[in-house]
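Subject: Structure for you to look at

Hello,

Here is the structure I said I would pass on. Please open it before you read the rest of this message.

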Amino acid sequence: MPDFVKALTSQAGRRTGNRFRRRCRLLPAALIFLCLPMMIWGRTARAADKLPHITVNCDVHKGACTQEIGGVEATLDISPKPVKAMTDLRFRLMLSGKPPAAEPYIDLGMPGMKMGPNKVRLEKVGEGVYEGTGIIVRCPSGKRTWKAAVTVPGRGTVEFIFDVVY
Amino acid sequence: MSFIKPLDLVFLFSGFSVGFGHCIGMCGPIVVSLSLNLKTRSLWIPYLLYHAGRITTYAILGGLMGFSGSFTHIAGRIAGLQKGMMIFAGLLIIVMGVAMNRWISIGPIFGNDYNPDGVVSRSFRKLGKVQSTAVYFPLGLLLGLLPCGPVYTALVAAARTGMDAGNSIEATLAGMGLMVSFGVGTIPALLLVARLAHLNWLKHKAVIYKIGSILMIAVGIYFVIKAVRY
């Protein structure tokens, strides 16, 4: 009988084999345990890196901000100022050009972080002027950058990114 | 009036998706701490009690939001309490980390091998495992008050459903239903984290256990600093 067969069939060999098999079974769990935190951190970092619009493009504390959406201008103003989290805020949207097919709305969220749906319903208060109330919540992470994604049905969505006061 | 509303389903799925991102990062350390402290005991009953407690708090807050129809009114009143809870959670994680490593002889807080000899301690010991498992429900109740962005977002929606409801009872129930849906949605992600931390091989590897306890202490300190600055 070859030596390696003897070694495997001996008691010590069986013990070594069992240990090896046990370690093999633990390997996937070890990989999951070690890789999961890296995957979570990596995904978060990549998500933040992939967002070119993560830089602030609007100073809501100073006044209204304007961006182009589907060939028309959308101007967003938030009051009262300074814009604080955890307080009732008034959102005012002014659209140039023809009125949209349906009333526009705003989704509030943090760039690169899921916060759940926080929609501001806007109502028409004048020609091309829409208003609604909403709340920007406070994130315990300390991050202050928020986005207001303005959707105008039939024209698209544009994001206003700004810092809020906690 | 149907029992489950479309908005409840929206927040059920919102809780599910937020759970795998935000909640793992924010509440993961607490869940891992509890899981490591359970040692050889079964994971499911303590965790179901913990989540039942957490969701009960969400339901109470959702009911209050729905009833008042104002997020800022209620949120302003509980802000101090939430800050206190964040400090409590941080200290709890630190104490658990210290106890796990046995640097200070206080025994695992919710563990099953705490074996003190004092008169009061013996009385507690007589209550046995049931008491130490039951503590997960009030713990869930308290930690449900932790400040959290997605929870706030769900509470804003709960207040809105209250505004849209026909009467106070309907408003309260609508707010509660939405928050329960959201809370239930967050369970799978947190259970997954708890299950991973509860793997037998992981708990019985001294080095990993030690590293885990040091990480817990670090996370606990981070929680306390965040709470003080909140």
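This is a predicted model: local features need pLDDT of at least 70, side-chain atom pairs count only at pLDDT 80 or more; totals for chains, interfaces and linings use all residues.

Chain B overall

Chain B has 9 helices and 0 strands. Written out along the sequence, its pattern is α-α-α-α-α-α-α-α-α. Of the 230 residues in chain B, 53% are buried. The accessible surface of the chain is about 10,400 Å², and 72% of that surface belongs to carbon and sulfur atoms. If you take the contacts in chain B between residues at least 6 apart in sequence, 83% of them join residues at least 24 apart.

Start with helix 2 (residues 44–68) and helix 7 (residues 168–197) of chain B, whose axes are 7 Å apart and meet at an angle of about 150°. Angles over 145 degrees count as roughly antiparallel, so helix 2 and helix 7 of chain B fall into that class. Their crossing is right-handed. The residues in this contact are 16 nonpolar, 9 polar and 2 charged.

Next, helix 2 of chain B also packs against helix 6 (residues 149–164) of chain B, at an angle of about 40° and with the axes 7 Å apart. Are these two helices of chain B parallel or oblique to each other? Roughly parallel would need an angle under 35 degrees, and helix 2 and helix 6 of chain B are therefore oblique. This crossing, too, is described as right-handed. On the helix 2 side of chain B, the residues in contact are Y58(B), L61(B), G62(B), M65(B) and G66(B). On the helix 6 side, they are V151(B), L155(B), A158(B), A159(B) and G162(B). By class, the contact has 7 nonpolar, 3 polar and no charged residues.

The remaining pair is helix 6 and helix 7 of chain B, with an angle of about 155° and axes 8 Å apart. That angle makes helix 6 of chain B roughly antiparallel to helix 7 of chain B. The crossing of helix 6 and helix 7 of chain B is right-handed. Helix 6 of chain B brings several residues to this contact, including P150(B), A154(B), A157(B) and T161(B). Among the residues they meet in helix 7 of chain B are A171(B), G175(B), L178(B) and F182(B). The contact of helix 6 with helix 7 of chain B has 11 nonpolar, 3 polar and no charged residues.

S14(B) sits in helix 1 (residues 6–38) of chain B. Its relative accessibility is 8%, so S14(B) counts as buried. Apart from neighbours within four places in sequence, S14(B) is in contact with G116(A), P117(A), G19(B) and F182(B).

Q67(A) is in strand 1 (residues 65–69) of chain A. Its relative accessibility is 21%; buried means under 20%, so Q67(A) counts as partly exposed. Q67(A) and V158(A) are 91 residues apart in sequence, but 7.4 Å apart in space, C-alpha to C-alpha. Leaving out neighbours within four places in sequence, the contacts of Q67(A) include N57(A), E73(A), V158(A) and F160(A).

Regards

Methods. Residues are numbered from 1 along each chain as its sequence is written. Chains are lettered from A and ligands numbered from 1 in the order in which they are written. Side-chain values use heavy atoms; hydrogens and water are left out. Axes are lines fitted to C-alpha atoms, for helices over the stretch in contact, and angles run from 0 to 180 degrees between N-to-C directions. Helices (H or I, at least four residues) and strands (E, at least two) are DSSP runs, numbered from the N terminus. Angles under 35 degrees count as roughly parallel, over 145 as roughly antiparallel, 65 to 115 as roughly perpendicular and the rest as oblique. A crossing is left-handed if the near helix is turned anticlockwise from the far one by less than a right angle, and right-handed if clockwise. Ala, Val, Leu, Ile, Met, Phe, Trp, Tyr, Cys and Pro count as nonpolar, Asp, Glu, Lys and Arg as charged, and the others, Gly among them, as polar. Buried means under 20% relative accessible area, exposed over 50%, partly exposed in between (1.4 Å probe, protein chains only). Contact means heavy atoms within 4.5 Å. Accessible areas come from the Shrake-Rupley method with a 1.4 Å probe; for residues, only the protein chains shown count as cover.
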